[in-house]
Amino acid sequence: MSAVVTPSTDAAEAGASQAVKAQLRLREMVLAGELPGGSRIAEVAISEQLGVSRTPVRSALMRLEQEGLLESLPNGGYAVRTFSERDVSDAIELRGTLEGLSARLAAERGAAPVVLREARACLQRIDELLREPALDDAAFSRYVSFNAQFHALLSELSGSPVIAQQLERISNLPFASPSGFVVVQANSPAARDMLLIAQDQHWQVLDAIESREGSRAEALMREHSRIAQRNLREALHGALSHPLPGVQLIRRRS
């Protein structure tokens, strides 16, 4: 028997769809600098600009606050959040520490064979991409996707829901995800070299986990996060032809 769709169900689905669209568009506006860092969000104006009611806009604003792109104001409403360079660096350092712990526990406890196979297959796909002398936009996009997938599998390898949850939280912070600054490498003269180094570290940490070498696995992941730190410095202080989306929200060290 097919489910009966009531008008209220249709309305709820339409409202949820509008909220998602508003969230995506608002995030895009923040990262593109259309809503400058520190500026207050005018709910009515945003509602009119997006052509939706205030309800989905309000929902989108709450979600972007949870993501860390907005902050709530004492007297109500939201403002676009800014970040110090140290804030972002600390978030990357924390992710590296948690990923190192996850890798060590995976090695010491023994990782699930099925997840190890998935991780190995993911790295093999990255190897195929990096065999090309240069990556076009489509190939680089696939690299970013596979890179994120591998880091998610690494979190799963530890078998610890607690660590996985904390890694997900820190990776959801603006600029702290494994691919948060990887786009910088697309515009760097040494782009492919850096991707090859990162990929070698991926394989090395997987080997350490399979060999049950906990300390080595942890050290490798801590070192791996240094690439993100380097990309952060390049994004803020380098001369990039295509600035990283949202980089204007980061306050540079003097």
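**A buried histidine contact and its helical surroundings**

The side chain of His202 makes a polar contact with the side chain of His224, at 3.2 Å. The model is predicted. His202 belongs to helix H8. Its relative accessible area is 0%, so His202 is buried. Beyond residues up to four places away in sequence, His202 touches Leu123, Ile126, Tyr143, Asn147, Phe150, His151 and His224. Ala119 lies 83 residues from His202 in sequence, yet the two C-alpha atoms are 9.5 Å apart in space.

The protein chain contains nine helices and five strands. Along the sequence, these elements follow the pattern α-β-α-α-β-β-β-α-α-α-α-α-α-β. Of the 254 residues in the protein chain, 42% are buried. Contacts were also sorted by sequence separation. Among those with a separation of 6 or more, 75% join residues 24 or more positions apart.

The nonpolar interior was examined next. In soluble globular proteins, nonpolar side chains tend to be buried together. The largest nonpolar core here has 30 residues. Ala103, Leu157, Val205 and Ile209 have the most contacts inside it. Five helices each supply at least two residues of this core: H4 (85-109), H5 (113-130), H6 (137-157), H8 (191-210) and H9 (214-237). Another core, of 28 residues, lies apart from the largest one. Met29, Leu64, Ile92 and Val247 are among the residues of this other core.

Ile209 illustrates the packing in the largest core. With neighbours within four places in sequence left aside, Ile209 is in contact with Ala103, Ala106, Ala107, Ala111, Leu116, Leu154, Leu157 and Ala217. Two of these partners, Ala103 and Leu157, are themselves listed with Ile209 among the residues with the most contacts inside the core.

The loop between H8 and H9 holds Arg212. Most residues other than glycine have a negative phi. Phi of Arg212, by contrast, is positive, near 65°.

Charged side chains were then considered. The count of salt bridges comes to twelve. One of them joins Arg58 and Glu43, with an N to O distance of 2.8 Å. This pair links distant parts of the chain, 15 residues apart. Arg58 sits in helix H3 (residues 54-67), and Glu43 in helix H2 (residues 43-50). The two partners fall into separate accessibility classes. Arg58 has 36% relative accessibility and therefore counts as partly exposed. Glu43 has 18% relative accessibility and therefore counts as buried. The cut-off for a buried residue is under 20%.

A second example pairs Arg226 with Glu93, at 2.9 Å from N to O. Here 133 residues separate the partners, with Arg226 in helix H9 and Glu93 in helix H4. Arg226 is partly exposed, with a relative accessible area of 39%. Glu93 is also partly exposed, at 23%.

Arg216 is partly exposed, with a relative accessible area of 28%. Asp207 counts as partly exposed at 34% relative accessibility. Elsewhere, salt bridges that share partners join Arg25, Glu28 and Glu34 into one network.

The chain also contains an open sheet of three strands. Strands of a sheet pair through backbone hydrogen bonds, either parallel or antiparallel. In this sheet the pairing is antiparallel, and the order is E1-E3-E2. Strand E1 (40-41) and strand E2 (70-72) are the edge strands, each pairing on one side only. E1 pairs with strand E3 (residues 78-80) in the antiparallel sense over two bridges. Within this pairing, Arg40 stands opposite Ala79 in E3.

Terms used: Residues are numbered from 1 along each chain as its sequence is written. This is a predicted model: local features need pLDDT of at least 70, side-chain atom pairs count only at pLDDT 80 or more; totals for chains, interfaces and linings use all residues. Side-chain values use heavy atoms; hydrogens and water are left out. A nonpolar core is a set of buried Ala, Val, Leu, Ile, Met, Phe, Trp, Tyr and Cys residues joined through side-chain atoms within 4.5 Å. Buried means under 20% relative accessible area, exposed over 50%, partly exposed in between (1.4 Å probe, protein chains only). Helices (H or I, at least four residues) and strands (E, at least two) are DSSP runs, numbered from the N terminus. Contact means heavy atoms within 4.5 Å. A salt bridge is a side-chain nitrogen of Lys or Arg within 4 Å of a carboxyl oxygen of Asp or Glu. A polar contact is a pair of N or O atoms within 3.5 Å; within protein, one must be able to donate a hydrogen and the other to accept it, and residues adjacent in sequence count only if both atoms are side-chain atoms. Two strands pair if DSSP finds at least two bridges between them.
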